[in-house]
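Subject: Structure handover

Dear colleague,

Here is the structure I said I would pass on. My notes on it follow below.

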Amino acid sequence: MLVALFVGKRNSRPWIVSDELWSLIEPLLPEPGPKLVAGRPRVPDRQALCGILFVLHTGIQWEYLPQELGFGSGMTCWRRLAAWNEAGVWDRLHVVLLQKLRAAKQLD
(Lines give C-alpha, C1' and ligand atoms only; values in the text may rest on other atoms or scores of the structure.)
Protein backbone atom coordinates (compact mmCIF):
# COMPACT_ATOMS: atom_id res chain seq x y z
CA MET A 1 0.00 0.00 0.00
CA LEU A 2 2.60 2.57 1.05
CA VAL A 3 5.01 1.27 -1.55
CA ALA A 4 2.45 2.25 -4.21
CA LEU A 5 2.79 5.82 -3.00
CA PHE A 6 6.42 5.87 -4.08
CA VAL A 7 6.67 3.28 -6.81
CA GLY A 8 3.08 2.96 -7.92
CA LYS A 9 1.92 0.81 -10.75
CA ARG A 10 4.01 1.35 -13.83
CA ASN A 11 2.37 4.69 -14.47
CA SER A 12 2.73 5.87 -18.03
CA ARG A 13 2.95 9.41 -16.65
CA PRO A 14 5.18 9.19 -13.56
CA TRP A 15 5.34 12.97 -13.26
CA ILE A 16 1.68 13.11 -12.15
CA VAL A 17 1.55 13.47 -8.36
CA SER A 18 -0.99 11.26 -6.62
CA ASP A 19 -3.43 12.75 -4.12
CA GLU A 20 -1.80 10.71 -1.36
CA LEU A 21 1.69 11.99 -2.14
CA TRP A 22 0.43 15.54 -2.59
CA SER A 23 -1.14 15.42 0.88
CA LEU A 24 2.36 14.84 2.27
CA ILE A 25 4.10 17.46 0.16
CA GLU A 26 1.65 20.35 0.25
CA PRO A 27 2.01 21.17 3.97
CA LEU A 28 5.79 21.39 3.54
CA LEU A 29 5.68 24.07 0.85
CA PRO A 30 6.29 27.68 1.84
CA GLU A 31 3.48 30.18 1.49
CA PRO A 32 3.93 32.28 -1.64
CA GLY A 33 4.91 35.86 -1.08
CA PRO A 34 2.77 38.74 -2.25
CA LYS A 35 2.75 39.48 -5.99
CA LEU A 36 4.95 42.48 -6.62
CA VAL A 37 3.62 43.19 -10.10
CA ALA A 38 0.35 42.47 -11.83
CA GLY A 39 0.41 39.78 -14.46
CA ARG A 40 -0.50 36.19 -15.01
CA PRO A 41 -2.00 34.29 -12.11
CA ARG A 42 0.38 32.09 -10.14
CA VAL A 43 0.67 28.52 -11.38
CA PRO A 44 -0.65 26.21 -8.63
CA ASP A 45 2.13 24.43 -6.73
CA ARG A 46 0.90 20.95 -7.66
CA GLN A 47 1.03 21.77 -11.37
CA ALA A 48 4.51 23.26 -10.98
CA LEU A 49 5.64 20.11 -9.14
CA CYS A 50 4.35 17.96 -12.00
CA GLY A 51 6.28 20.16 -14.42
CA ILE A 52 9.44 19.74 -12.33
CA LEU A 53 8.99 15.98 -12.28
CA PHE A 54 8.34 15.96 -16.04
CA VAL A 55 11.62 17.75 -16.73
CA LEU A 56 13.55 15.52 -14.33
CA HIS A 57 11.96 12.36 -15.75
CA THR A 58 12.36 13.19 -19.43
CA GLY A 59 15.63 15.10 -19.23
CA ILE A 60 14.41 17.88 -21.49
CA GLN A 61 15.72 21.39 -20.96
CA TRP A 62 13.62 23.68 -18.79
CA GLU A 63 12.92 26.09 -21.63
CA TYR A 64 11.43 23.27 -23.74
CA LEU A 65 8.77 22.26 -21.21
CA PRO A 66 5.61 22.13 -23.37
CA GLN A 67 3.06 24.75 -22.34
CA GLU A 68 0.32 22.42 -23.60
CA LEU A 69 0.89 20.14 -20.60
CA GLY A 70 -0.46 22.83 -18.27
CA PHE A 71 2.49 22.87 -15.87
CA GLY A 72 3.40 26.48 -16.50
CA SER A 73 6.58 27.58 -18.21
CA GLY A 74 9.88 25.84 -17.69
CA MET A 75 11.20 29.01 -16.04
CA THR A 76 8.26 29.03 -13.61
CA CYS A 77 8.92 25.41 -12.67
CA TRP A 78 12.66 26.04 -12.37
CA ARG A 79 12.09 29.04 -10.09
CA ARG A 80 9.65 27.07 -7.93
CA LEU A 81 12.19 24.24 -7.62
CA ALA A 82 14.87 26.74 -6.58
CA ALA A 83 12.57 28.35 -4.01
CA TRP A 84 11.61 24.96 -2.56
CA ASN A 85 15.26 23.93 -2.42
CA GLU A 86 16.11 27.10 -0.53
CA ALA A 87 13.17 26.54 1.85
CA GLY A 88 14.40 23.01 2.67
CA VAL A 89 11.26 21.30 1.35
CA TRP A 90 13.07 18.21 0.04
CA ASP A 91 14.93 17.56 3.30
CA ARG A 92 11.69 17.78 5.26
CA LEU A 93 9.88 15.56 2.75
CA HIS A 94 12.67 13.00 3.08
CA VAL A 95 12.14 12.89 6.85
CA VAL A 96 8.35 12.55 6.47
CA LEU A 97 8.69 9.72 3.96
CA LEU A 98 11.21 7.87 6.14
CA GLN A 99 8.86 8.16 9.12
CA LYS A 100 5.96 6.76 7.07
CA LEU A 101 8.07 3.88 5.79
CA ARG A 102 9.32 3.06 9.29
CA ALA A 103 5.78 3.15 10.67
CA ALA A 104 4.66 0.76 7.93
CA LYS A 105 7.68 -1.49 8.61
CA GLN A 106 8.76 -1.07 4.99
CA LEU A 107 12.22 0.27 5.72
CA ASP A 108 15.24 -1.89 6.41
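Which residues in helix 3 meet helix 4, and which residues in helix 4 do they meet? On the helix 3 side they are D45, A48, L49, G51 and I52, and their counterparts in helix 4 are C77, R80, L81 and W84. Please keep in mind that this is a predicted model.

Overall layout

The chain has 5 helices and 0 strands, so that the pattern along the sequence reads α-α-α-α-α. It has 108 residues, of which 30% count as buried. Among contacts in the chain with a separation of 6 or more, 58% are between residues 24 or more positions apart.

Helix 3 and its surroundings

Helix 3 covers residues 45–58, which is 14 residues. From its first C-alpha to its last it reaches 20 Å, close to the 20 Å expected at 1.5 Å a residue. Its buried residues are D45, A48, L49, C50, G51, I52, F54 and V55. The elements that cover them include helix 2 (19–25), helix 4 (74–86) and helix 5 (89–103). Just after helix 3 comes G59, with a positive phi of about 80°.

The axes of helix 3 and helix 4 come within 9 Å and cross at roughly 100°. Because angles of 65 to 115 degrees count as roughly perpendicular, the two helices, helix 3 and helix 4, are roughly perpendicular to each other.

- D45 is placed in helix 3. Its relative accessibility is 15%, so D45 counts as buried. The side chains of D45 and R42 are joined by a polar contact of 2.9 Å. Not counting residues up to four places away in sequence, D45 touches W22, L29, R80 and W84.
- R80 is found in helix 4. R80 is buried too, with a relative accessible area of 8%. Leaving aside neighbours within four places in sequence, R80 is in contact with R42, V43, P44, D45 and A48.

Cysteines

How many disulfides does the model have? The count comes to 0. C50 is in no disulfide, and the nearest cysteine sulfur, that of C77, is 9.1 Å away.

Other positions in helix 4

Two further residues of helix 4 have a C-alpha distance to report.

- T76 is found in helix 4 and is partly exposed, with a relative accessible area of 23%. T76 and I52 are 24 residues apart along the chain, and their C-alpha atoms are separated by 9.4 Å.
- A83 also lies in helix 4 and counts as partly exposed at 39% relative accessibility. A83 and P32 are 51 residues apart in sequence, and the distance between them in space is 9.8 Å, C-alpha to C-alpha.

One backbone angle to check

Where does K105 lie? K105 is in the segment after helix 5. Its phi is near 55°, a positive value in a residue other than glycine. Most residues other than glycine have a negative phi. K105 counts as exposed, at 74% relative accessibility.

Regards

Terms used: Residues are numbered from 1 along each chain as its sequence is written. This is a predicted model: local features need pLDDT of at least 70, side-chain atom pairs count only at pLDDT 80 or more; totals for chains, interfaces and linings use all residues. Side-chain values use heavy atoms; hydrogens and water are left out. A disulfide is a pair of cysteine sulfur atoms within 2.5 Å. Helices (H or I, at least four residues) and strands (E, at least two) are DSSP runs, numbered from the N terminus. The expected span of a helix is 1.5 Å times one less than its number of residues. Buried means under 20% relative accessible area, exposed over 50%, partly exposed in between (1.4 Å probe, protein chains only). Contact means heavy atoms within 4.5 Å. A polar contact is a pair of N or O atoms within 3.5 Å; within protein, one must be able to donate a hydrogen and the other to accept it, and residues adjacent in sequence count only if both atoms are side-chain atoms. Axes are lines fitted to C-alpha atoms, for helices over the stretch in contact, and angles run from 0 to 180 degrees between N-to-C directions. Angles under 35 degrees count as roughly parallel, over 145 as roughly antiparallel, 65 to 115 as roughly perpendicular and the rest as oblique.
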